[in-house]
Amino acid sequence: MTNTEPITTTMPAMPTQQPSPTTPTSPATSTPKFSKHIILTTYPGQSGIEPVPLEWGAPDAKSRGPVVVSRSGNLVKRRNAIGAHGGSYSIYNALAIAAGDLDANFRPDFRNSEPTFNFPSQKAWADKTKIVSMDPYGHDIVNQFKEELEAGWDIRPTMAVTRANMKLAEIADDVKNGLLEVDGSILVDSSGEVRVTKVAAEPVWYLPGVAERFGVDEGTLRRTLFEHTGGSYPELITRPDLKIFLPPIGGLTVYIFGPPERIADENVKLALRIHDECNGSDVFQSDICTCRPYLAFGIREAIREAQNGGSGVVIYFRKEGRALGEVIKYLVYNARKRGGDTADKYFTRTENIAGVRDMRFQALMPDILHWLGIKKIDRMLSMSNMKYDAIVNSGIEIIERIPIPEEMIPSDSRVEIDAKINSGYFTTGKQISATELAQVQGRGWEKWEDIAH
Ligand SMILES: [Zn+2]
């Protein structure tokens, strides 16, 4: 054992103690940031180690128990989860504390932060096989664990529900071109202003369930996560009794068009797109792939379905560049453009640099669909066979699959879309032969070289 420091303090009793102050003290007057001894890890049965009870899949939030991940003060002994809040932003939280901008013992004031829509509880919330990668009660912490929060426990929401107006140039064009009609409620006006309910979720993994989805044993998953994150999170190894891990990865956002209560209603139609982040196209509209056009098409069809009395949903996952990241992505772009950018070599270029063609692992993706209470998808606005298989295998029916319309495919992205169709992506168009695939070529850099030299 690296540390056998006796545990001398316990968590605030609940609920008899007074709430702890919600205003952070200034760095100058705050207590030291850390205990004298560095607690590298903890062990089950160690003196004072007493995780707050947590039973994933229990029938309701209170019997399931709160996710307690804070190492703040004496909570380190009572944690029932590994990792830190904030997903990929957890490091920024640590930086803010290091810089002295944030008190390590800060407790948020959650007044008025509650959801703008109360999603009805679903059976899946209490099913430990249906939801393994998010906390199904993560949006309702303030309500479910009020007493604990008032007693000073550091429990944080891992989901939030809000509403917004959004405006997309493509939607304004659709109105202008007669493809969408202004209804004054969902599509507010001809400028393309749309009302939307949004749900953000950070990852909360139930490790036995995640391991099962990937077909590995829990020990292998834990060891691999430990080894290949630079030896981070040693409790993955030393605390097999802790089953929950908050990984430092991106989360997801649900965009809901029309009344949110319709999503789980099996009597109305649902149009849905699952979209994985592609910042270069989604935001900056680079034309090398079909991401932004397909996203805009998905939003248009989601609005249309909602206007027809159904529901439209777009779910946006932070999995940039097939979860390989932008550095890998740009290296691949270079290899493609310098090596003759043809569709038959599209995946090989990625495999040469990343070792695999895709790291998105759709196995965890359907969790959010089950959380929303989706039983069937009438119109699936995606061609991905991986997404389709993951959704159908999780028990949700897909009635119709809608490919991106031909006229929305930018010419330089034919390489991408044809390679994907050839590898199994759904199409209602023609299948391309291997010989034809080699003929599909992207734009070269000749013009650029002219500019550069
Ligand atoms: Zn893209």
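How are helix 12 and helix 13 oriented to each other? The points below take this up first, then turn to other parts of the predicted model.

1. **Helices 12 and 13.** Helix 12 spans residues 326–338 and helix 13 spans residues 346–354. Their axes come within 9 Å and cross at roughly 130°. Angles over 145 degrees count as roughly antiparallel and 65 to 115 as roughly perpendicular. Helix 12 and helix 13 are therefore oblique to each other. The crossing of helix 12 past helix 13 is right-handed.

2. **What makes that contact.** Helix 12 contributes Ile328, Leu331, Val332, Ala335 and Arg336. Helix 13 contributes Arg349, Thr350, Asn352, Ile353 and Ala354. By class, the contact of helix 12 with helix 13 holds 6 nonpolar, 2 polar and 2 charged residues.

3. **Helices 6 and 7.** Here the axes of helix 6 (residues 207–214) and helix 7 (residues 218–227) come within 8 Å. They cross at roughly 100°. Helix 6 and helix 7 are therefore roughly perpendicular to each other. From helix 6, the contact uses Leu207, Pro208, Val210, Ala211 and Phe214. From helix 7, it uses Glu218, Leu221 and Arg222. The class count for helix 6 with helix 7 is 6 nonpolar, no polar and 2 charged residues.

4. **The nonpolar core.** The largest nonpolar core has 82 residues. Ala81, Ile244, Val313 and Ile368 have the most contacts inside it. Helix 10 (residues 291–307) gives the most to this core, with 9 residues. Leaving aside residues up to four places away in sequence, Ala81 touches Val67, Val68 and Val69, together with Leu242, Ile244, Phe245 and Leu246.

5. **Gly280.** This residue is found in helix 9 (residues 279–282). Gly280 has 20 other C-beta atoms within 10 Å, so it is buried. The C-alpha atoms of Gly280 and Gly321 are separated by 9.3 Å. Along the chain, Gly280 and Gly321 are 41 residues apart.

6. **Gln285.** Check the backbone here. Gln285 is not a glycine, yet has a positive phi of about 60°. Gln285 sits in the loop between helix 9 and helix 10. It counts as partly exposed because it has 13 C-beta neighbours inside 10 Å.

7. **Ala323.** Another non-glycine with positive phi is Ala323, at about 65°. Ala323 lies in helix 11 (residues 320–323). With 19 other C-beta atoms within 10 Å, Ala323 is partly exposed.

Notes
Residues are numbered from 1 along each chain as its sequence is written. This is a predicted model: local features need pLDDT of at least 70, side-chain atom pairs count only at pLDDT 80 or more; totals for chains, interfaces and linings use all residues. A nonpolar core is a set of buried Ala, Val, Leu, Ile, Met, Phe, Trp, Tyr and Cys residues joined through C-beta atoms within 7 Å. A residue is buried if 20 or more other C-beta atoms lie within 10 Å of its own, exposed if 12 or fewer, and partly exposed in between; C-beta atoms are placed from the backbone. Helices (H or I, at least four residues) and strands (E, at least two) are DSSP runs, numbered from the N terminus. Two residues are in contact if their C-beta atoms, placed from the backbone, lie within 7 Å. Axes are lines fitted to C-alpha atoms, for helices over the stretch in contact, and angles run from 0 to 180 degrees between N-to-C directions. Angles under 35 degrees count as roughly parallel, over 145 as roughly antiparallel, 65 to 115 as roughly perpendicular and the rest as oblique. A crossing is left-handed if the near helix is turned anticlockwise from the far one by less than a right angle, and right-handed if clockwise. Ala, Val, Leu, Ile, Met, Phe, Trp, Tyr, Cys and Pro count as nonpolar, Asp, Glu, Lys and Arg as charged, and the others, Gly among them, as polar.
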